[in-house]
Amino acid sequence: MKPKPAKQPLTLLVLRDAQHSVKQVHLSKPLLIAVPAAAILSITGLILSMQIQSSRDISELERQLTLQHLKSLRMEITVSDKEAAIERLNQAIIQLSEEAAQTDAHMKSVRQLEEQLRTFIQEQGFDPSESSEDISSSQTGDPSSMGGEYIAVYEQDMLHLAEETLDDFERIRNLMETMEKAIPRTLDHAAQAQHQRESTPSRWPTESRRLTSSFGYRSDPINGRSAFHAGIDIAGSRGDPVYAAASGTVSAVEFSSARGRYVIIDHPDGLQTWYLHLDRASVEAGDQIKQGDIIGALGNTGRSTGAHLHFEVVKNNRPVNPLHFVD
Ligand SMILES: [Zn+2]
């Protein structure tokens with residue numbers, strides 16, 4: 001501790017809400033007496049109501065010297081003893097230090113969320129440079145550096161440190177609270193949108209894009225009679241991969257003389273996709289599959305005149321034109 005000056009000045013500490021934090025005014029004893037109370041109050045820019053002098057009240061105030069309590073705190077303390085003032089400041093610094101540790105933990109969780117969001121955005125193929133770059137770095141200085149040599153630091157330094165740190169913490173806390181609320185919501189909305197997109201038949205089910213028969217009425221390729229074609233035929237080579245047009249649940253993997261080996265996948269909103277004439281199926285009924293998963297191999301089984309995939313989209317048990325769905 002530095003040596004006490006012969007004549008100790010008086011230190012007026014003013015604690016306001018967290019935005020304004022700690023303010024300090026040094027006053028010599030005669031000056032303090034000379035300055036009317038109204039003038040002191042005008043320095044703080046606040047009409048302050050309470051003067052606390054009992055040590056019980058001061059220790060209660062110290063207990064409240066966390067950001068949460070500071071928000072509602074509008075008080076004035078007059079301290080006549082410099083040692084006591086320094087001690088109180090030390091306490092404030094220690095509390096800020098604890099606050100810093102909490103803020104640090106808080107920030108880690110925000111970073112994790114941010115990382116999650118960034119990964120998600122990258123997975124979606126968006127430009128990650130748009131995302132908020134290192135928001136947490138706006139904090140000034142390393143909070144862990146606060147606990148160190150505070151005893152040797154002069155009062156003003158500590159006051160400034162406390163003041164700045166409080167302001168920083170308040171800003172960071174507000175920012176983090178906003179982010180903590182917003183990021184999970186954004187992730188949730190994005191995930192829902194993605195799920196909706198992937199659950200709608202939109203992916204072309206084969207490598208080949210050679211359409212040999214379209215949806216609707218046509219002449220039957222085997223007996224020549226007019227018939228309704230409930231899907232589209234895509235020519236390909238036997239063994240070519242067949243992809244799920246959308247995420248969903250496999251509801252049937254079966255074989256019939258007309259359809260050959262076939263797979264049906266159920267999707268939300270009463271939608272189904274049907275894959276006929278497969279050479280083989282690589283999924284089983286009940287499997288949960290993602291859009292783009294391989295569900296089997298293109299083939300020529302059943303009532304078919306050559307290797308092709310008959311692809312059907314069924315909505316509420318009625319076949320609809322698949323070209324209205326897939327790209
Ligand atoms: Zn067909």
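This is a predicted model: local features need pLDDT of at least 70, side-chain atom pairs count only at pLDDT 80 or more; totals for chains, interfaces and linings use all residues.
Local features were taken at pLDDT of at least 70 and side-chain atom pairs at pLDDT 80 or more, whereas totals for chains, interfaces and linings use all residues. Residues are numbered from 1 along each chain as its sequence is written, and side-chain values use heavy atoms, with hydrogens and water left out.

The zinc ion is coordinated by NE2 of His229, OD of Asp233 and ND1 of His310, at 2.0 to 2.2 Å; donors are N, O and S atoms within 2.8 Å of the metal (3.2 Å for Na, K and Ca), and the site may look incomplete because water is not among the atoms. Along the chain, the donors of the zinc ion follow the spacing H-x3-D-x76-H. Asp233 lies in strand 8 (residues 232-235) and His310 in strand 16 (residues 308-315), so the pair ties together parts that are 77 residues apart in sequence; strands here are DSSP runs of E with at least two residues, numbered from the N terminus. Asp233 is buried, with a relative accessible area of 8%, and His310 is likewise buried at 7%, where buried means under 20% relative accessible area, exposed over 50% and partly exposed in between, for a 1.4 Å probe and protein chains only.

The structure holds two salt bridges, each defined as a side-chain nitrogen of Lys or Arg within 4 Å of a carboxyl oxygen of Asp or Glu. In one of them, Arg238 pairs with Asp279, the closest N and O atoms being 2.7 Å apart. This pair links distant parts of the chain, 41 residues apart, with Arg238 in the loop between strand 8 and strand 9 (241-243) and Asp279 in the loop between strand 12 (271-278) and strand 13 (280-281). Arg238 is exposed, at 62% relative accessibility, whereas Asp279 is partly exposed, at 23%. Asp279 also meets Arg280 in a salt bridge, with an N to O distance of 3.4 Å, and the shared partners join Arg238, Asp279 and Arg280 into one network.

How values were computed:
Helices (H or I, at least four residues) and strands (E, at least two) are DSSP runs, numbered from the N terminus.
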